[in-house]
Amino acid sequence: MVNVVVYVEGGGTTSELRTRCRRGFSEFFQRAGLRGRMPRVVACGSRQDTYSDFCTALRSAAKSGKLPVLLVDSEARVKDDCTPWDHLRRSDNWSQPDGASVDHVFLMVQCMEAWFVADRSVLESFFGQGFNAKALPGQTSIEDISKDDVLKALYDATRHCRIKGKYDKARHAFDLLALTDPVRVTQSCPHAERLIRGLSALSEGQSM
């Protein structure tokens with residue numbers, strides 16, 4: 001069994017929020033069927049810090065015996081002929097580090113919140129009274145919805161929720177993630193399906 005470590009964008013700058021970030025992703029991965037092959041999740045905070053932490057871990061991977069992978073938002077639509085590293089080079093000017101392959105990088109397209117739109121039932125049960133499902137996008141190609149439109153839809157759908165209040169990433173995102181159904185997410189988001197399939201294969205020492 002390979003020790004996979006996921007360096008994930010998110011968690012801000014406080015230890016409390018980073019703990020919730022780790023917990024949210026770990027719960028999601030367990031629900032996705034990775035129990036017994038669970039990666040360790042490292043919440044890195046900012047986007048640039050996540051890439052830097054991943055590169056540092058990759059340089060010491062041979063000695064540590066761990067396999068680092070990078071997980072960040074795509075921030076934009078990923079072109080069909082574009083690999084994740086190609087996309088990040090164009091969007092962030094990040095180079096593909098020495099020793100890194102396409103198996104080392106995964107994208108949340110176009111942002112993590114798109115996964116919540118894929119599981120509308122969890123949004124409705126989480127926010128409760130006042131939630132307006134009609135404010136969510138109607139299209140099924142969720143990864144084609146811009147990040148701005150996904151966030152606006154979440155804000156509009158939750159603006160009248162009195163108990164939980166309007167969607168706020170720091171207060172709601174990782175609790176929601178822990179409850180989100182990975183099956184619905186992977187059925188609607190091809191890059192999420194690639195993530196779960198990839199983590200499963202990597203933990204078994206296989207290429208994707």
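Mentor: Let us begin with β3 and β4, which run parallel and are joined by four bridges. This is a predicted model in which local features need pLDDT of at least 70 and side-chain atom pairs count only at pLDDT 80 or more, while totals for chains, interfaces and linings use all residues. Residues are numbered from 1 along each chain as its sequence is written, and side-chain values use heavy atoms, with hydrogens and water left out.

Trainee: What makes β3 and β4 a pair?

Mentor: Two strands pair if DSSP finds at least two bridges between them; β3 and β4 have four bridges, so they qualify. Strands here are DSSP runs of E with at least two residues, helices are runs of H or I with at least four, and both are numbered from the N terminus. Within this pairing, V72 stands opposite L107 of β4.

Trainee: Which strands form the sheet, and in what order?

Mentor: The open sheet has four strands, in the order β2-β1-β3-β4, with parallel pairing. Its edge strands, β2 (40–43) and β4 (105–108), each pair on one side only.

Trainee: Which way do the residues of β4 point?

Mentor: V105 and L107 point one way, F106 and M108 the other way, and all are buried. Buried means under 20% relative accessible area, exposed over 50%, and partly exposed in between, with a 1.4 Å probe and protein chains only. In a regular strand the side chains alternate between the two faces of the sheet.

Trainee: Why is the contact between D119 and R184 called a salt bridge?

Mentor: The term requires a side-chain nitrogen of Lys or Arg within 4 Å of a carboxyl oxygen of Asp or Glu. The closest N and O atoms of D119 and R184 are 2.9 Å apart, so the pair meets that limit. D119 lies in the loop between α5 (113–118) and α6 (120–127) and R184 in helix α9 (residues 182–188), so the pair ties together parts that are 65 residues apart in sequence.

Trainee: Which other residue meets R184 in a salt bridge?

Mentor: D181 does, at 3.9 Å from N to O. D181 is partly exposed, because its relative accessible area is 24%.
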